Amino acid sequence: VGGRRRTGRTPLGDESLAGVGGPGAELARVDFPGTKLVGADLHGADLTGVNFDGADLNSANLAEASLPGGRARGTDLRRVDLSGCDCREADFSGADLRDAKLAGTHLYMANFRDATLTGLRLGMTPASGIGYRGTEMSAAVILGPDLRLADFTRSEEHTAELQSLVT
């Protein structure tokens with residue numbers, strides 16, 4: 001893609017991945033379903049409305065990226081760096097976020113229904129209205145965000161530390 005702007009609903013298959021991404025890439029509304037993007041560097045990228053459903057983003061760098069309204073349902077996001085990322089209204093349902101970094105990530109109305117959040121570190125993150133319904137949260141640390149509207153129905157919080165600064 002290197003320098004070209006991708007917009008609209010653009011499907012991107014494995015054959016199109018050479019040169020995709022890079023710091024500040026503009027990939028708004030691109031479809032990546034089932035695509036392997038292991039270790040991809042999408043730092044600061046415009047990923048508004050992107051579809052990562054079922055993709056493999058293990059160890060990818062999405063720090064400071066913009067992902068509002070994006071979809072990553074059933075996606076492998078293990079060890080992904082989403083620090084400082086704008087994930088407002090993003091859908092992470094069924095995703096695997098084990099050991100993901102979300103420090104300072106904007107998660108207003110994000111959906112984590114049935115996701116795996118084992119080892120997740122979510123500290124001092126704008127998090128009002130997040131849906132954690134049915135999540136696996138073993139050893140997750142969620143400190144500081146406003147959890148008043150969070151939905152933890154059927155979630156498993158074995159050894160999870162949940163602490164809100166707003167009560």
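A residue is termed buried when its relative accessible area is under 20%, exposed when it is over 50%, and partly exposed in between (1.4 Å probe, protein chains only). By this criterion, buried residues make up 50% of the 167 residues in the chain. The structure is a predicted model, in which local features need pLDDT of at least 70 and side-chain atom pairs count only at pLDDT 80 or more, whereas totals for chains, interfaces and linings use all residues. Residues are numbered from 1 along each chain as its sequence is written, and side-chain values use heavy atoms, with hydrogens and water left out.

The predictor's confidence in each residue is given as pLDDT, on a scale from 0 to 100. The chain has an average pLDDT of 76, and 59% of its residues score at least 70. Among the secondary-structure elements, defined as DSSP runs numbered from the N terminus (helices, H or I, at least four residues; strands, E, at least two), confidence is highest in strand E2 (residues 30-31), with a mean of 94, and lowest in strand E5 (residues 161-164), with a mean of 49. Where pLDDT is low, the predicted coordinates should not be read in detail.

The chain contains 5 strands and 0 helices, in the order β-β-β-β-β from the N terminus on. Of the contacts with a separation of 6 or more, 3% are accounted for by residues 24 or more positions apart. The accessible surface, computed by the Shrake-Rupley method with a 1.4 Å probe, comes to about 7,400 Å², and carbon and sulfur atoms contribute 48% of this area.

Cys85 is buried, at 1% relative accessibility, and Cys87 is buried at 0%.

Positive phi values in residues other than glycine occur at Arg29, where phi is near 60°, and at Glu89, where phi is near 60°. Arg29 lies in the loop between strand E1 (10-11) and E2 and is partly exposed, with a relative accessible area of 35%. Glu89 is placed in the loop between E2 and strand E3 (121-123) and counts as exposed, at 54% relative accessibility.

Conventions: Contact = heavy atoms within 4.5 Å.
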